[in-house]
Amino acid sequence: MKQSFAEILQQVESRRSRKLQEKLPLWAEVPGLTLPSDLCLEQCSSEATARFKAGLLGSPASIADLTGGIGADCWAFSQVAGKVLYFEQNPELAAAAQSNFIKLGISNIQASCAHTDEALIAGLPELDWIYLDPARRDNAGRKVFLLEDCTPDVLTLLPALWQKTSRIMLKLSPMADISLIARRLGSELEDVHVVSLQGEVKELLCILRKGNDRPYRIHVHVLDCGASLTFSPADENSAQATAAEQLTEGSYLFEPCAALLKAGAFRLPCRLWGLGKLAPFTHLYTGKEALPEGAAPFFRTFRILRAEQMSGAMLKDYGKAWPKADVSARNIPMTSEQLKAKLKCAPSNDGTHIFGCTAGQSRWLIACRKVQ
């Protein structure tokens, strides 16, 4: 049976309401907000990440968001800044944001529909901060990752931006390479923030300061529990990876979170927390003791049940011993799905996990159970 137009509209509104409740719960409490499309909700910051960004600003007198979107970031900025300038080139989005700001009871955001270019920037007043979240899709809708391929091209606009502010915040693709970004942005790059929520890297933020004279630092944030870790690339480069001792039953296995891996902290955990690393390119760690409280949020912790060198016979043996287990392949010539197929395991319901990985010079199967 074909659906009526009214039924389709109702489904669309219901879907958007659920998404709004998920990403911006405080907005969901306000009736009558305008949401032009599913895409604008998909691409906007969540309430948690928007508030995190606002917390990096201090208490500025002014900030301009030159890529305003639906306005989630501006809403958060308005809680800490004296005045917020919002710019968005899409007329429908700009109109929706301006209407929503009124309904949300915000009076310190000045909204404008405009294309971000050198002419727009030249007309700005002097500002404490400028924020940009460049669009990461080309005209054909394909994802792009290089700064110069995003819209607007921040690298081209930087000279004009520095005429209006001394602090810039850039939100970039979580897939972007930090070391490449650092080379492109140059000496003004002061800090890189890798922000994770619910186990995923949600945002990669670059803080630029005019006249910065120190090497940039990397900050890893787990918003779920408020944990943070700060280090410099030099800290990672100077750290030595301690080889893991023999894998034994009862020892701990530590799997780093996505944010720690994104930040490039591969050897540093050995120095900071005394962990052993299975192999230079196997980002799994072991230890005889549980992690200290400050380190625990950056890892999933397992207790080893059994560890054997990988072979066809062992694959069958492990599959029979643990018919229900989550499976991960690390630094071996097969994917996790391929390893799972060889083991013939169904998904675990008790935290059992089998890692197939390189440890030392050999390939190993490690059966373990997650520690809650």
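Mentor: Helices (H or I, at least four residues) and strands (E, at least two) are DSSP runs, numbered from the N terminus. Keep in mind that this is a predicted model, where local features need pLDDT of at least 70, side-chain atom pairs count only at pLDDT 80 or more, and totals for chains, interfaces and linings use all residues. Residues are numbered from 1 along each chain as its sequence is written, and side-chain values use heavy atoms, with hydrogens and water left out.

Trainee: Okay, how many bridges join strand 14 to strand 15, and do they run parallel or antiparallel?

Mentor: Strand 14 (residues 326-330) and strand 15 run parallel, joined by 5 bridges. Arg330 sits opposite Cys357 of strand 15. Between the two strands the chain passes through helix 14 (residues 336-343), and this β-α-β crossover is left-handed. For handedness, picture the strands pointing away from you: a right-handed path from the first strand over the helix to the second runs clockwise.

Trainee: And what about strand 15 and strand 16?

Mentor: Strand 16 (residues 362-370) runs antiparallel to strand 15, with 8 bridges joining them. Ile354 has Ala367 as its bridge partner in strand 16, while Gly356 has Leu365. The two strands form a hairpin with 2 residues between them, and Gly360 in the turn has a positive phi of about 65°.

Trainee: Why is strand 15 largely enclosed?

Mentor: Strand 15 (residues 352-359) has 8 of its 8 residues buried, so the rest of the structure largely encloses it. Buried means under 20% relative accessible area, against over 50% for exposed and in between for partly exposed (1.4 Å probe, protein chains only). Thr352, Ile354, Gly356 and Thr358 point one way, and His353, Phe355, Cys357 and Ala359 point the other way.

Trainee: Which order do the strands of the sheet have?

Mentor: The open sheet has 7 strands in the order 11-12-10-13-16-15-14, with mixed pairing. Its edge strands are strand 11 (276-279) and strand 14, each pairing on one side only.

Trainee: Changing topic: where is Ile178, and which residues is it in contact with?

Mentor: Ile178 belongs to helix 9 (residues 178-185), and it is buried, with a relative accessible area of 9%. Setting aside neighbours within four places in sequence, its contacts (heavy atoms within 4.5 Å) include Val192, Leu204, Tyr216 and Ile218. The C-alpha atoms of Ile178 and Ile218 are separated by 9.2 Å, the two residues being 40 residues apart along the chain.

Key:
Pairing = 2+ DSSP bridges.
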